Amino acid sequence: MPLYFFHLSFGDRTVPDDEGVELPNRSAAREEALAVIRDLSNPEVAGNPRRWASWFLQVADEGGEFLRMPIGHPALEVVTSDGQQPQAESSEMKPVPLAATVATRQGRRSAALVQQMSAVRKQTEQLLQRNQQLRHELSTVCLVSESIRVRASRLVSLARLAGSPADDVYRIANKPPRRSPPHLVVLPGG
């Protein structure tokens, strides 16, 4: 039996299916793709189905990709080989009987994939929230350091305006310390 691969893609990113599934033909692969999309769109299995908006399920065989279906969109546009008008077909309109689909055999695999993708999305959300917190903290530190710089500049200006004693104090404070000359010790007999 031919081997079919079910890749997930979002923009330029692709989550490849390295194992593949043996199916009798492309029609069975299409039915499996519809079952996977139903699983990913099911809120009980995948959580928030809107998270899958703009994701696609790509089905490929050894000849390459032959089917690309959006996840999170209810309709799929099908163009027939005889050139008839495209029609919108909903995966919810004609449910595939469980006995006829490979999804029952591959359900665990697609559920594991859904859980893995959900975990990656949660981790990404947590990282984005932490990034936002760190950016806020950095912004606060920058504002505080700018305030300190302005205050220090005002203090130096006020010290200079106060007159020569402050200038002397300022110069003395910023002058490098003077080293004392080395002491000579004369030892007897030398």
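**Figure 1. Burial of Asp 61.** Asp 61 has a relative accessible area of 12% and is therefore classed as buried, the cut-off being under 20%. The model shown here, as in the other views, is predicted. Asp 61 belongs to strand 4. In the protein chain as a whole, buried residues account for 23% of the 190 residues.

**Figure 2. Polar contacts of the Asp 61 side chain.** Which side chain makes a polar contact with the side chain of Asp 61? The partner is Arg 26, at 3.0 Å. The side chain of Asp 61 also reaches a backbone atom, the nitrogen of Gly 63, at 2.9 Å.

**Figure 3. Residues around Asp 61.** With neighbours within four places in sequence set aside, the residues in contact with Asp 61 are Leu 3, Tyr 4, Arg 26 and Phe 66. Of these, Arg 26 also takes part in the side-chain polar contact with Asp 61. Ala 29 is 32 residues from Asp 61 in sequence, and the C-alpha to C-alpha separation of the two is 9.3 Å.

Figure 4. Strand 4 covers residues 55-61 and strand 5 covers residues 64-71. How many bridges join strand 4 to strand 5, and do the strands run parallel or antiparallel? Seven bridges join them, and the strands run antiparallel. The two strands form a hairpin, with two residues between them. Within this pairing, Ala 60 stands opposite Glu 65 of strand 5. Asp 61 is part of strand 4, and Gly 63 supplies the backbone nitrogen that the Asp 61 side chain reaches.

Figure 5. The protein chain contains four helices and seven strands. Their order along the sequence is β-β-β-α-α-β-β-β-β-α-α. Among contacts between residues at least 6 apart in sequence, 50% join residues at least 24 apart. The accessible surface of the protein chain is about 14,400 Å², and carbon and sulfur atoms contribute 56% of this area.

Technical notes: Residues numbered from 1 in each chain as written. Predicted model: local features only at pLDDT ≥ 70, side-chain atom pairs only at ≥ 80, totals over all residues. Heavy atoms only, no water. Buried < 20%, exposed > 50% of the residue type's maximum accessible area, 1.4 Å probe, protein only. Contact = heavy atoms within 4.5 Å. Areas by Shrake-Rupley, 256 points an atom, 1.4 Å probe, with all protein chains shown as cover. Pairing = 2+ DSSP bridges. Polar contact = N/O pair within 3.5 Å; in protein donor to acceptor, adjacent residues only side chain to side chain.
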